[in-house]
Amino acid sequence: MRTNDNRTARAKREADKLFKQVDTTKTKQPNDYEMAQQSFQDNRERLKAERLAREAKSPGRRK
């Protein structure tokens, strides 16, 4: 019975290590590429909203 307890404890420790690794990757800081992509997407959405507002305001709306 003692060896079975050791195997279980060892397997549990290894599983805990793996789960800790996964949890730490979720809280990582974004790198330069990710920040640039987010900035680009935000700017694109802002410009799209401004364009749609201008088109809605103009008297001769295009279809």
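A residue counts as buried under 20% relative accessible area, as exposed over 50%, and as partly exposed in between. With a relative accessible area of 43%, arginine 46 is therefore partly exposed. This tour of a predicted model returns to that residue after a view of the whole chain.

**The whole chain**

Two helices and zero strands make up its secondary structure. Next, show the surface: its accessible area comes to about 6600 Å², and 54% of this belongs to carbon and sulfur atoms. Of the 63 residues, 0% count as buried. A search of the whole structure finds five salt bridges, and the stops below visit some of them.

**Helix α1**

Select residues 2-26, which form helix α1. Within this helix, display the side chains of arginine 10 and glutamate 14. The two residues are four apart, about one turn of the helix, and a salt bridge joins them, with 3.5 Å between the closest N and O atoms.

**The start of helix α2**

Move on to asparagine 31 and tyrosine 33. Here, at the start of α2, a side-chain oxygen of asparagine 31 comes to within 3.2 Å of the backbone nitrogen of tyrosine 33.

Then select residues 32-57, the extent of helix α2. This helix has 26 residues and reaches 38 Å from its first C-alpha to its last, close to the 38 Å expected at 1.5 Å a residue.

Finally, select arginine 51 and glutamate 55. What joins their side chains? The two meet in a salt bridge, at 3.4 Å from N to O. Arginine 51 and glutamate 55 also lie in α2, four residues apart. Arginine 51 counts as partly exposed at 36% relative accessibility, and glutamate 55 is partly exposed, with a relative accessible area of 32%.

An α-helix has 3.6 residues a turn, so residues three or four places apart point the same way.

Terms used. Residues are numbered from 1 along each chain as its sequence is written. This is a predicted model: local features need pLDDT of at least 70, side-chain atom pairs count only at pLDDT 80 or more; totals for chains, interfaces and linings use all residues. Side-chain values use heavy atoms; hydrogens and water are left out. A salt bridge is a side-chain nitrogen of Lys or Arg within 4 Å of a carboxyl oxygen of Asp or Glu. Buried means under 20% relative accessible area, exposed over 50%, partly exposed in between (1.4 Å probe, protein chains only). Accessible areas come from the Shrake-Rupley method with a 1.4 Å probe; for residues, only the protein chains shown count as cover. The expected span of a helix is 1.5 Å times one less than its number of residues. A polar contact is a pair of N or O atoms within 3.5 Å; within protein, one must be able to donate a hydrogen and the other to accept it, and residues adjacent in sequence count only if both atoms are side-chain atoms.
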